[in-house]
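Here is a short briefing to read with the model open beside you. Take a look at the sequence and structure first, then follow the notes below.

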Amino acid sequence: MGACAAVALMFSPAAHAAEDASALTKTFLEKASMSDMFEIQSSQMALEKSENADIKQFAQQLIADHTKTSQQLKSIVAAENLDADLLADELDEKHEGILEN
């Protein structure tokens with residue numbers, strides 16, 4: 001491929017669409033994994049602190065559901081050869097603060 005063709009490809013709408021999709025994928029993976037982690041940890045907290053059987057049952061269901069989606073995200077990342085670092089491995093300050101209150 002000539003230099004002109006490479007430059008043209010770099011500035012093409014398709015190249016920008018791929019960059020946008022990549023940025024959206026990164027954002028989705030970060031937010032989805034953070035959400036799963038938060039739901040699991042907050043549900044574990046509900047299990048520890050609540051004496052209400054309905055709350056405990058709901059918390060157990062949330063833990064099961066979000067553990068499953070976390071595993072699915074990890075499988076997708078691996079299957080698509082994406083960077084596993086895109087998945088959250090600890091809560092951010094915002095979510096940590098919510099749990100502390």
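D83 is partly exposed because its relative accessibility is 44% (buried is under 20% relative accessible area, exposed over 50%, partly exposed in between; 1.4 Å probe, protein chains only). This is a predicted model, in which local features need pLDDT of at least 70 and side-chain atom pairs count only at pLDDT 80 or more, while totals for chains, interfaces and linings use all residues. Residues are numbered from 1 along each chain as its sequence is written, and side-chain values use heavy atoms, leaving out hydrogens and water.

- You will find D83 in the loop between α3 (53–79) and α4 (93–100); helices are DSSP runs of H or I with at least four residues, numbered from the N terminus.

- T69 sits in helix α3 and is partly exposed, with a relative accessible area of 30%.
- A polar atom of the T69 side chain lies 3.2 Å from the backbone oxygen of H66.
- T69 and D36 are 33 residues apart in sequence, yet their C-alpha atoms are 7.3 Å apart in space.
- S70 also belongs to helix α3, and it counts as buried because its relative accessibility is 16%.
- The side chains of S70 and D36 make a polar contact at 3.2 Å (a pair of N or O atoms within 3.5 Å; within protein, one must be able to donate a hydrogen and the other to accept it, and residues adjacent in sequence count only if both atoms are side-chain atoms).

Notes: Helix = DSSP H or I, 4+ residues; strand = E, 2+ residues; numbered from the N terminus.
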